[in-house]
Amino acid sequence: MPERNEDIPDHNDPLRNIQPTDSDHLDYVGQQGLAVEQETLIEPDPVKREQARSLWGDAWRDLRKRPTFIISALLILLLIVIAIWPGLFTNADPRAANLTQDYLRKPDYTDFFGAGWFGYDGQGRSIYARVLYGARASITVGICVTLAVTVLGGLAGMVSGYFGGWTDSVISRIIDIFFGIPLLLGALVLLNAFSVRTVWSVVIALAFLGWTQLARVMRGSVITVKQSDYVVAGRALGAGTGRLMFRHILPNAVAPVIVVATIALGGYITAEATLSFLGIGLQDPTISWGVDISSAQKVIRQAPFALFFPAAALSVTVLAFIMLGDAVRDALDPKLR
Amino acid sequence: MGHYVLRRVLQMIPVFFGATLLIFLMVYSLPGDPIAAMFGDKAADPAQVASLRHKYYLDQPLWKQYLHYMNNIFHLDFGTSFTGRPVSEIMADAFPVTIRLALVAFFFEIFIGLPLGLIAGLYRGSIADTLVLVLTLIVISIPVFVLGYIAQTIFAINLGWVTATVQDSKDITQLILPGLVLASLSLAYVARLTRTSIGENLRADYMRTAVAKGLPRHTIIGRHLLRNSLIPVVTFLGTDLGALMGGAIVTEGIFNIAGVGNVLYKAINQKEGPTVVGIVTVLVLVYLVASLVVDLLYAVLDPRIRYA
C-alpha cells in the first residue's frame, strides 16, 4: 500500500534521524525515558498491589475464567490422549473385520466402551474402535500443519514486514500467487502425484499451500509494531537486526498470529478429512475419519450410525479447536471485550 | 484514485502468471504419466506414445510448454483434453452450472448471514445473540461433506421435499438445497463478521453524536451504523464469490451436479492435465478480478483509502 509512509506520525522522524554523535539529543531522550520509568515505579497501582502484568499474563488470567476455554482445552487434552494411546479406551482391534456375522450390526448403546458400542461398519469392523484410532491422523495433521505454516508463514511475514521495500514486494507477490490457488484444489493436484499417501504427504501438501494466510497476518502485525517507540529506541541504542526482530518485534507481533493459527488448526483437520473423503487424502492402513465417512456414505440408508459417529468425532474435534481459538482471541484482543 | 487503480491492475499481472505457472508445474512436473495412463493396462506402442507426446507438446521442456500454453490462452485456445474434446467446450458446459450454484449460495449468504449478524450485533448478550453464536460455531465445525449428507438425508430422503440429486441445474428450486449447503460455511462467517463489525461501530463517536442529535432509530442504524459496518463484510463477500466457485467440489459431488468442481475432480483423478490447468487458470482469473473489484469497492466505500 502506497499510503503506509504517510501513516507514520511525524514525531517519529527526529528519533529516527538521531546520530550516535548527537549526544545532547540522546541525553534528552535518555532522561525522558528514565523519568517515565521512575514515575511508573513510584506510582504503583494503589488499589491492587500486583506486579505489572504482561499481555500474556493478562490473557492467561482471563482465559482461566472462560468456560469455553476450559471446556475446549479439556476436550483437546482428551483427544490428544486418545490420539497417543487409543488402546487405553478399547480392547477391540479397529482393523479386525468380521463378515461372517451380520456385518452391519446396529449399535448396542448399553455396551459401554465395548466393541459394539457404536455398531459395526460395512466390513464388520468396530466403529467405536475406529473412531478412537482415527483421532491420531486428524490430530497429527492438524498440529503438524499448523506448526509448519506458523514457522514458514511467520518467517516470511516477519522478513517481509521488517525489511519492507523490494523484499516486501517480492514476498507479497509470492504470497498473492499462492493465495490465488484455492487450498483444496491445490492439495488435490499435489496429492495426486503421490502414489502412496501417508499423514506426512498430506501435511506437506497442506503446509506448502497454507502458509500464506499466516504470512499476511504476521506481515501486517510486524509493520504496526515496527513503528513503535520501543523499536525505534532499540535501534537508536544500537540493537542489531536479529535482536530487534526476535527480542523486540516478535513477542509483540505474535499474538494475532497465534490466534489465527489456532483457529486455522480446525480448518486443516477439516481439509484432511475432506481430502480423505474425496479419496485423495489418507489411505489404508491409516485410519481416518474422512475415509470412514466416505465408505459409510454407501450404506447411509441402512446404517446411518456408521456415518454419524466418525462425523460427530470429526465435528467435535474441529469445534474444540475453533472454540479454543475464539477464547484465545477474546483474551488477547481487549478491543473485542 | 486513478493511480491506485493502475497500481492494482499492474500488480495483478505477475500474480496471474505466477499462479498459472505454479499450477502448471504442479500438474506437469509431478510424477505420473498421462500418456501411459491413456493406454490403461495395454502395452503402449512407442511410436504412438511419441506422436501423442508431440501432439500434446509434452516432448518439449517444461518452460517451453508453459510459454506455448500461455500463448494459446491469449488466443482463447485452452487446448484439447486427452480425450480429444476442446477444454473450452468442457468449460462452457461446466461454468454456467457452477455460476448458478454460486449465485444461489451468494444469495443465502447475503439474505440470511447479514440479518443474523445484524440482530446478534445490535442485541449483544441477548438470547438471539447467543443463539446465532452457537449456531454459527456448529456450522463452522461440521465439515461441508457431513452437512451435505445430513441435509440430503433429512430433506430429500426422509421428508421428500426435494430430489436427492440435481437432475436439471437450470431449475433453480433444485439448486436451493445444494446452494444452502455450499453457502453454510461462508454464511456463518458473514454473520460473525457482521456481528463483530456492528459491535465495534456501535461504540464509535459518530454513533453517540447521531443518538444525541435525536435522529430516528432507523436513520441511525440504516445510514450511520450499517454503512460503516458493512465495509469488511463487503470485502469478505467479494473474495468469497471467487472462492465459492472453486470450493464447490464437495457440494457438487454430493448432489451430483455437473459443474466445474465435478469436472475438475474427475480431471485431477484421470491426470487430465489440459483440463485441470485450463479450469484452474480461469478460477485464478476469477479470483484476481474479484479481489480487484473488492479493493476498488473498498476505496469507494471508505474515503480514507481513496484520499490517503
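Hi everyone, let's start with chain A: of its 337 residues, 42% are buried. A residue counts as buried if 20 or more other C-beta atoms lie within 10 Å of its own, as exposed if 12 or fewer do, and as partly exposed in between, with C-beta atoms placed from the backbone.

Some housekeeping before we go on. This is a predicted model, where local features need pLDDT of at least 70 and side-chain atom pairs count only at pLDDT 80 or more, while totals for chains, interfaces and linings use all residues. Residues are numbered from 1 along each chain as its sequence is written, and chains are lettered from A and ligands numbered from 1 in the order in which they are written.

So what secondary structure does chain A have? There are 13 helices and zero strands. Helices here are DSSP runs of H or I with at least four residues, strands are runs of E with at least two, and both are numbered from the N terminus.

Chain B has 14 helices and zero strands. Of the 308 residues in chain B, 37% are buried. Its C-alpha atoms fill a box of roughly 85 × 60 × 30 Å along the principal axes.

Now, contacts. Two residues are in contact if their C-beta atoms, placed from the backbone, lie within 7 Å. Taking contacts between residues at least 6 apart in sequence, 72% of those in chain A join residues at least 24 apart. For chain B, the figure under that rule is 74%.

How do the chains meet? On the chain A side, 36 residues are in contact with 38 residues of chain B. Helix 7 (165–179), helix 8 (183–192), helix 11 (241–277) and helix 13 (304–332) of chain A each give two or more residues to that side. Which of them gives the most? That is helix 13 of chain A, with eight residues. By type, the chain A side splits into 23 nonpolar, eight polar and five charged residues. Nonpolar covers Ala, Val, Leu, Ile, Met, Phe, Trp, Tyr, Cys and Pro; charged covers Asp, Glu, Lys and Arg; the others, Gly among them, are polar.

Last, the record. An unreviewed UniProt entry lists "transmembrane region" for chain A at several spans, among them 175–194 and 305–328. Such positions use the numbering here, feature names are shortened, and annotations may be inferred rather than shown by experiment. In the model, residues 305–328 of chain A are 100% helix, with end C-alpha atoms 34 Å apart. Residues 175–194 of chain A are 75% helix and 0% strand, and their end C-alpha atoms lie 25 Å apart.
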